Amino acid sequence: QGTPRPPRRTSPMVRTFGPDAPEAVFAFLDDTVSRRGRDHWCWKYRTRDAGAAPSAFYWQEEDGSVLGFIGLMRTALQTPSGEHAAAWFVDWHVRPGAKGVGVGIGLLRKAEAAAGMLLTLQGSADTQKILPKLGWKQSFAPRTWLRPLSGRFLAAWIAQRGRGGKILASALRPFGLLASPFLRCSRPSVPADVTLVALDRF
């Protein structure tokens, strides 16, 4: 009830990320997220895919300085009512300073408008504090799929379930070691025409 609220407006300082973004944007990502380089960021956010929807945004002041960034990993959300276009927000970083909160919210609102349905998993302590104040709702019933590939992985996963999990993991550790050979045998084989190359980082 009441007067409908007008659509959220985003700051003119928020701009769409692309391969022609200023070098200051890539420097900001390398300094605040991870030192990966221009090619990595363009690949990650599909900037060279023809017809792809915008998947990242940055905040740039009139003097050219970059104060923040947010990226989107597009996906589909399955619900009882059907499938919905959605996106996970990632690499949400803001340069510390007087404008930090406003920059962060401006970027998040832009991502919300671009995604339709925006999601995040856990998030930092700051993220967990600010999202409820911005109208976000927390879901306690996610559907998670996993495939244990080693007894060590299985024990580590159980140990993360709290104090009881740690006790159970200790009790099951010998059985996990015995199960490891069988888990390795259950792994799918690599097709003959596929070559695997070890990566130093991703």
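Predicted model: local features only at pLDDT ≥ 70, side-chain atom pairs only at ≥ 80, totals over all residues.
Visitor: What makes Arg38 and Glu23 a salt bridge?
Guide: The closest N and O atoms of Arg38 and Glu23 are 2.7 Å apart. The cut-off for a side-chain nitrogen of Arg and a carboxyl oxygen of Glu is within 4 Å, so the pair counts as a salt bridge.

Visitor: Why is Arg38 called partly exposed?
Guide: Its relative accessibility is 28%. Buried means under 20% and exposed means over 50%, so a value in between is called partly exposed.

Visitor: How do you know that Asp31 and Arg35 form a salt bridge?
Guide: The N to O distance between their side chains is 3.1 Å. The limit is within 4 Å, so the pair qualifies.

Visitor: Are Asp31 and Arg35 buried or exposed?
Guide: Asp31 has 53% relative accessibility, and Arg35 has a relative accessible area of 55%. Exposed means over 50%, so both residues are called exposed.

Visitor: What makes Glu112 and Arg109 a salt bridge?
Guide: The closest N and O atoms of Glu112 and Arg109 are 3.0 Å apart. That is set against a cut-off of within 4 Å, so the name applies. Both residues are buried.

Visitor: Where do Glu112 and Arg109 lie?
Guide: Both are in helix H3 (residues 100-115), three residues apart, which is about one turn of the helix. An α-helix has 3.6 residues a turn, so residues three or four places apart point the same way.

Visitor: How many salt bridges does this rule give?
Guide: The count comes to four.

Visitor: Which residues of H1 are buried?
Guide: Val25, Phe26, Phe28, Leu29 and Asp30 are buried in H1. The cover over the buried residues of H1 includes H2, strand S2 (56-60), strand S3 (66-79) and strand S4 (82-94). H1 lies across S2, S3 and S4 and runs at about 75° to S3.

Visitor: How do you know that S2 and S3 pair?
Guide: There are five bridges between S2 and S3, in the antiparallel sense. Pairing needs at least two bridges, so S2 and S3 are called paired. Gln60 stands opposite Val66 in S3. S2 and S3 form a hairpin with five residues between them, and Gly64 in the turn has a positive phi of about 95°.

Visitor: How many bridges join S3 and S4?
Guide: S3 and S4 pair over 11 bridges, in the antiparallel sense. The requirement is at least two, so this pair also counts. In S4, Trp88 is the bridge partner of Met73, and Ala86 stands opposite Thr75. A hairpin of two residues joins S3 to S4.

Visitor: What is the order of the strands in the sheet?
Guide: The sheet is open and has five strands in the order S1-S2-S3-S4-S5, with mixed pairing. Strand S1 (14-16) and strand S5 (118-119) are the edge strands, each pairing on one side only.

Visitor: Why is Gly123 called partly exposed?
Guide: Gly123 has a relative accessible area of 33%. This falls between the 20% and 50% limits, so partly exposed is the term. Gly123 lies in the loop between S5 and helix H4 (125-133). Gly123 and Val90 are 33 residues apart in sequence and 9.3 Å apart in space, C-alpha to C-alpha.

Definitions and conventions
Residues numbered from 1 in each chain as written. Heavy atoms only, no water. Buried < 20%, exposed > 50% of the residue type's maximum accessible area, 1.4 Å probe, protein only. Helix = DSSP H or I, 4+ residues; strand = E, 2+ residues; numbered from the N terminus. Contact = heavy atoms within 4.5 Å. Axes fitted to C-alpha atoms, helices over the stretch in contact; angles between N-to-C directions.
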